[in-house]
Amino acid sequence: MRTYYCLSLFIWTYMFHTVDAIPLEEKASRDLPSKRVVDLTKDDSKMLHRTKRGWMWNQFFLLEEYTGTDTQYVGKLHTDQDKGDGNLKYILTGDGAGSLFVIDENTGDIHAAKKLDREEKSLYILRAKAIDRKTGRQVEPESEFIIKIHDINDNEPKFTKDLYTASVPEMSGVGTSVIQVTATDADDANYGNSAKVVYSILQGQPYFSVDPESGIIKTALPDMSRENREQYQVVIQAKDMGGQMGGLSGTTTVNITLTDVNNNPPRFPQSTYQFNSPESVPLGTHVGRIKADDPDVGENAEMEYSIAEGDGTDMFDVITDKDTQEGIITVKQNLDFESKMLYTLKVDASNTHPDPRFLHLGPFKDTAVVKISVEDIDEPPVFSKLYYLIEVDEDVKEGSIIGQVTAYDPDAMNNLIKYSIDRHTDMDRIFSIHSENGSIFTLKPLDRESSPWHNITITATEISEWEIHPSEHQSDNSKQSSHIPVFIRILDINDHAPELAMYYETFVCENAKPGQLIQTVSVMDRDDPPRGHKFFFEPVPEFPLNPNFTIVDNKDNTAGIMTRKDGYSRNKMSTYLLPILIFDNDYPIQSSTGTLTIRVCACDNQGNMQSCNAEALVLSAGLSTGALIAILLCIIILLVLVVLFAALKRQRKKEPLIISKDDVRDNIVTYNDEGGGEEDTQAFDIGTLRNPEAREDSKLRRDVMPETIFQIRRTVPLWENIDVQDFIHRRLKENDSDPSAPPYDSLATYAYEGNDSIADSLSSLESLTADCNQDYDYLSDWGPRFKKLADMYGGDDSDRD
């Protein structure tokens, strides 16, 4: 360190003396800007004079990172005006003045107070003054000078990244660039070799190398394989001082990855694959998966599978699973164990992105043999068609065979088949099928007009061995069945007669002329002949010639009604009935007679109808207006009388049940109507006896509070279908046995005496016409309750009365 310090001091002293040897005027003119010093006198009358500069210094130099015990001497400020008597004072200002740089104000010597770092600041700009201590006047104008820091090698090279990541394709040639690393040195590149960096590789040989000047890393071995090794870690060193001894160094790490190229073909791990498939699998079913190995990755490992050859190229297909890179064997057509039990395929696996640089290594594909065994299963019966269409005439007889379906068992067992109709598709049971041969026949008549189509489903079911021999096969009870639609079209036959299409409101004017068209009629027919409808119109044979109207066939399935005479009279005939014979041309020919009602009406001159009602007929018969008014008045008077009679009848009061307090009758119910006997059906409504509400009501006594409420008994609801006499007897029997019925001496009359009654009249009015008087004296023996009757009918007084 002392040697280093002495060397620095020697350099500094040499430079300082060199600077002092330069003439003062030359140095001042080169380093300092020109300034003027203005001297002011008291009277301000003197002229300004330019003072010659007398500073004696140049640029100073200072070494960085000084580690000595004493302060580092920088240099000396001096002016030629300094006589050495101590009258001048030196003042230093600017960068670091007073802190980094200290000046002796008497001698002008400058020292560095602290250790300096060139990398932080390489030069300092300061200003100096020389002042006369006595007068305080500047003897030299202020001037600036520069202190430069000389560099030493105190910074090692540093890389821009601590860790680099790079990649290079595998199989690359020697010298292929991988990545460039860069290191920087903070030392001064213009001073010595402190900042000159040289690169070298510490780790990663012999696979990679580095250019010592540029820092570019390159491959050093040919045909490096990613499949053998993929990751490499390379350590690069950067050293300053041109790599010489004593230089500082730094390192960085570079992770290099070999990227994949398609240099490996796919290879099957085995040469033969074996799969099984049931024969009933649907199309597109996956039978099995095969996979070829490819050590490459990414798109270089993508492959495509295809069937090269084999006896199952039409039955199977292979697709590629892009996610797993597997080949999936699928069913292309329906398999049949009975036709073929084993298929052999040759499947190729090839890369989809081959690299032309490596085609010389061989074909980038491989082949494997795939064998597929078909397994037999119990299949359902197979119909001979996908569907059946049967056409049948609607007049077919019941029990007639209209068609047949056939099915067979595709299995090797060739079991028998039985047929049946799905009754959900034939709810009315119109059809049936023979269970053994599949013949379809009718059970009911068919009608195209009500149902032109019948869509039924036929089921074919295998008859297994256990059904034929149940004792030999107890456990095998599986049944296979299949279904087929059968469309039955009902063909039309001419079984409906044509009819008039509508009811026609036809009229003829009284002033009609012969040959006038009064109505055009059309026809409808429920049949639907294949050649279309054709109708004919004729008069009925019983009246071939009608004197009033003519029927004209228009040959377009319509007919016109024409008048045949001059004028019609409503007084003579207000309505005409014209029968029309209508028949079609299909086989068998159907015909009907339609009657057209033609009214005679009054019309204007243009033929517009005015009136066809009865009033016009009456007026035309000669009744006057006064007569009509009289008839109307009579009708009104009759209506008023009927209304008054009904009102008086409603106001009539009922006669009380008990007339006086002396009346001892106990709860006698009267109906005031005995009826007119068996032959009288107008006296009362027999339907009242059949009223369900009246006969179901059970009424309790109103004169005595019952001690026990009996449950009402409901009678058997059979009243609508029995005779009235049976009804009355049944009601009497119910009342006799009902404990809740009225007392025995209460009368309930039903105004019905029965058929062919032989009983005489009970009325006392007929007793006067008898041949002899009846003796009522026995009434006195009946007690006080019958005293009134005994007084009325017993004794001579009563007879006289």
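This is a predicted model: local features need pLDDT of at least 70, side-chain atom pairs count only at pLDDT 80 or more; totals for chains, interfaces and linings use all residues.
Hi everyone, let me begin with a term: a residue is buried when its relative accessible area is under 20%, exposed when over 50%, and partly exposed in between, using a 1.4 Å probe and protein chains only.

Residues are numbered from 1 along each chain as its sequence is written, and side-chain values use heavy atoms, with hydrogens and water left out.

Now the overall picture. The chain has 801 residues, and 33% of them are buried. Its secondary structure comes to nine helices and 41 strands; these are DSSP runs, H or I of at least four residues for helices and E of at least two for strands, numbered from the N terminus. Contact means heavy atoms within 4.5 Å. Of the contacts with a separation of 6 or more, 67% are between residues 24 or more positions apart.

Let's go to Asp366, in strand β23, residues 365–375. A polar atom of the Asp366 side chain does lie 2.8 Å from the backbone nitrogen of Phe268. Setting aside neighbours within four places in sequence, Asp366 is in contact with Pro266, Arg267, Phe268, Val347, Asp348 and Ala349.

Next, some backbone features. Most residues other than glycine have a negative phi, and most peptide bonds are trans. Where does Arg429 sit? Look in the loop between β28 (416–421) and β29 (431–433). Arg429 has a positive phi of about 50 degrees, though not a glycine, and is partly exposed at 47% relative accessible area.

Lys555 also has a positive phi, near 65 degrees. You will find Lys555 in the loop between β37 (549–553) and β38 (558–563), and its relative accessibility of 58% counts as exposed.

Finally, which residues does the cis peptide bond join? They are Gln205 and Pro206, with omega about 5 degrees. Pro206 belongs to the loop between β12 (198–203) and β13 (208–210).

Conventions. A polar contact is a pair of N or O atoms within 3.5 Å; within protein, one must be able to donate a hydrogen and the other to accept it, and residues adjacent in sequence count only if both atoms are side-chain atoms.
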